[in-house]
Amino acid sequence: MSTTTVTVDEANNALVIERTFAAPKNRVWAAFTQAELFKQWYSPRGWTTTVKTFDFNVGGATLFGMTCEDESQGEFFGMTEWGKLFYTAIDAENSFSFENSFTDEHGTPTEGMPVSQVTTEFSETAEGTRVISRDTYPSLEALQAVVEMGAPEGLAETWEQLAELLD
Amino acid sequence: MVESSQQLDTLFLALADSTRRSILSRVAEVELSIGQIAEHYRLTFAAISKHIKVLENAHLVTKRRRGKEQIVIIVPQTFAVAQEALERYATLWHHRYDTLEQLLTQGDHSS
């Protein structure tokens, strides 16, 4: 079973997310680039994704909402958060880039919220398909703000991730 | 959020410097005086003191007097704040990708 790693690349103001999936590249690519598949995995635990528009073309955008269906998450229950992915580059089955922003339900950016540039790369390995995403923020403050919001749940871990942070 | 956004700003900016991270790694293992820390770097005592001050403002280290020396001590609780913030982000992606893996496995009919 593969695991996901998330590391901080402070030199480039980026969060780097890596994972290997035991599936061929075209199927992993489809999961990121087709609405019906995308909405089945993109939400945090206890949340569901609604896709309002999904235009996977350079200059096109995906507008989606994530709604908390889990009463145990207190103040988040019933809340919908909107986001937009504006596609800036696509190299079919190899990589795509987009501008990631927080918006309202009409796709208007939320003032004061950070916008990040994300590039996701797909490569074939002996185990399947390696996916590497670089989520780059214009400043550490922006990175900090988004890290702070993250998912509405935390988990206690060892010092390992911190060691990576300090590496 | 328990920690204020400003605290986190100070914290991440303090961590966004390789010399300061190196100092933290050293004092995480053993308590050192500012003089002892300065010996490890091609920096003046004053320059090291400035770095220590930034770390102190971010509550990453604290200082204690030992005779004529100032001893630098790490504050582990502050690391927990930085770590939690990072983990909230990491948790989201762990969950997303575990779900995606299930989705890819379910739909696996080698077509």
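**A salt bridge and its surroundings**

Author: Let us start with one pair: B:Glu101 and A:Arg19 form a salt bridge, with their closest N and O atoms 3.2 Å apart. The term salt bridge is used here for a side-chain nitrogen of Lys or Arg within 4 Å of a carboxyl oxygen of Asp or Glu. In general, side chains of opposite charge can pair when their charged atoms come close. B:Glu101 lies in helix α5 (residues 76-106) of chain B and A:Arg19 in strand β2 (residues 14-21) of chain A, so the pair joins two chains. Helices (H or I, at least four residues) and strands (E, at least two) are DSSP runs, numbered from the N terminus.

A word on the source: this is a predicted model, in which local features need pLDDT of at least 70 and side-chain atom pairs count only at pLDDT 80 or more, while totals for chains, interfaces and linings use all residues. Residues are numbered from 1 along each chain as its sequence is written, chains are lettered from A and ligands numbered from 1 in the order in which they are written, and side-chain values use heavy atoms, with hydrogens and water left out.

Are the two partners buried or exposed? B:Glu101 has a relative accessibility of 15% and counts as buried; A:Arg19, at 0%, counts as buried too. Buried means under 20% relative accessible area, exposed over 50%, and partly exposed in between (1.4 Å probe, protein chains only).

Now compare this with other pairs. Over all chains, the count comes to nine salt bridges. One of them links A:Glu36 with A:Lys39, whose closest N and O atoms are 3.4 Å apart. Here A:Glu36 is exposed, at 52%, and A:Lys39 is partly exposed, at 34%. In chain B, the side chains of B:Lys63 and B:Glu56 meet in a salt bridge of 3.5 Å, N to O. B:Lys63 is partly exposed, with 27% relative accessibility.

Next, look at the nonpolar side chains. The largest nonpolar core has 34 residues, and those with the most contacts inside it are A:Phe32, A:Trp41, B:Tyr97 and B:Leu100. A nonpolar core is a set of buried Ala, Val, Leu, Ile, Met, Phe, Trp, Tyr and Cys residues joined through side-chain atoms within 4.5 Å. At least two residues of this core come from each of several elements, including β2 of chain A and α5 of chain B. Helix α5 of chain B gives the most, with eight residues.

Leaving aside its neighbours within four places in sequence, B:Leu100 is in contact (heavy atoms within 4.5 Å) with A:Phe21, A:Ala31, A:Phe32 and A:Trp41. Apart from this core lies another, of 20 residues, among them B:Leu15, B:Val27, B:Leu32 and B:Ile34.
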